[in-house]
Amino acid sequence: MDRLHGWRDAVGEWFDQIALQTPARLAVGGFATIILLITGLLSLPFATASGQRAPFADALFTATSAVCVTGLTTVDTGLYWSDFGRAVILVGIKIGGLGIMTLASFLGLAVSRRLGLTQRMLAADEARAGGLGDVKHLLRTILIVSTGVELTITLILFPSLWRDGLPPLTAAWHALFYAVSAFNNAGFVPNDTGLVEYAGDPWVALPVAMGVFIGALGFPVYLNLIRAWRKPRTWSLHTKITLVMVALLSVFSAGMLALFEWNNPTSLGAEPVGTRLITLFFASVDQRSGGFAAISHEGFHEHTWLLEDVLMFIGGGSGGTAGGIRVTTLAVLLLAVAAEARGRRDIEAFGKRIGTESLRLAVAVTLISLFFVIIGTGAILMFTSNLHWSLDKVLFQVVSAYATCGLSVLSSEQVAQMPEIVKHITSALMFVGRLGSVTVAASLALNKQRRVIRYPSERPLIG
């Protein structure tokens, strides 16, 4: 027994060392292992409705999309997979959503342990404001809060789904699936029609939108709000920036979508006014990260696709289930432009100064993300040249995959024709997009070196 306890303690110490010293390696290995396990389960004959084994490419694609909480699919989730298969997908979504939030906590702790004393004291103050002080308490709170939100949304959705004619058990299952998928910004649906049939039903569309909104904010934000919702002045800078950016992007998203698509007969123009308004509200939350399609995106104008490309690339809040470069990254870049335009030396927001380290990380994350989007787009265009897929559709698909959003403009025929190599490229984009910005930022922060001797400064011409 003593030997067993000693072995367990040794394994625990080894795991803690890996988690705190090489968190990026642990994240990649952990997510890859979970994806392979989900792939194996989806490859079982009884995971499909037909009883036939799913092709490896489709099983891997679906598993990656679920664990990376993306929502892109190569087969119809409601028709192709059995109840067992959909349950496996739901477990993958739950694990992936929890994993990305806890990963952010481990990375934050690892970075703080590499800081100097003064910086560490400042980081501790900011961590307490955001609720990131005690990791064990944080992980427990993440599980409780996420499960509580999912169960609340399930209870709200159940009466509407039951009222629409679904048997009680089926209605409860669909409500739970939608709730977990919404909070984790996964975009998976348990039925073949998805949210399209509920586009005008506020008792279905609005709770799903609320789940997407809460999940996309990021755990540090809503934990900060729960603890100090009556004292906005005490909110952390991260919380203030995230809330302001989310509000501005939501208004911008809804306004531009209304401008572009209100009278389009192949999209919003074919719906009643009430449905249009609900869809606009839903899209203002969903376009950047949710991945649910309350209305078919195939009928949108090309300039609307470009708008959605930008919104998906931005994504949601840090430390949450959304993807993209994150709204705080965009905020730091915009604040840097504003400071340069005004001739100010420092980047400032809400009475606080943002250090140049944050700006360098924001630039690095953005440029690396652009690199993957460009490479992914070029690769898919090359392998689909015989299918004559247009650049706008391929770019949309790549951004949706890398930003783990899950929206798609490909028709069912185009999805059926997708080459196996394209499925693997898209799976890789989802995996890199899910872990990329978080691990890259942490790795750069952990790699920071202090140099005693510095070269003389000289400013090259820009622009």
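Helices (H or I, at least four residues) and strands (E, at least two) are DSSP runs, numbered from the N terminus. The model is predicted, so that local features need pLDDT of at least 70 and side-chain atom pairs count only at pLDDT 80 or more, whereas totals for chains, interfaces and linings use all residues. Residues are numbered from 1 along each chain as its sequence is written, and side-chain values use heavy atoms, with hydrogens and water left out.

**View 1. Helix α3, residues 56-67.** From first C-alpha to last, the 12 residues of α3 reach 16 Å, close to the 16 Å expected at 1.5 Å a residue (1.5 Å times one less than the number of residues). Because 11 of its 12 residues are buried, α3 is largely enclosed by the rest of the structure (buried: under 20% relative accessible area; exposed: over 50%; partly exposed: in between; 1.4 Å probe, protein chains only). Among the buried residues are D58, F61 and V67.

**View 2. V69, in the loop between α3 and α4 (77-80).** V69 follows α3 and has a positive phi, near 45°, although the residue is not glycine. With a relative accessible area of 0%, V69 is buried.

**View 3. T404, in the loop between α16 (391-402) and α17 (412-416).** Phi of T404 is positive, near 45°, in a residue other than glycine. T404 counts as buried, at 0% relative accessibility.

**View 4. L367, in helix α15 (residues 356-383).** L367 is exposed, with a relative accessible area of 52%.
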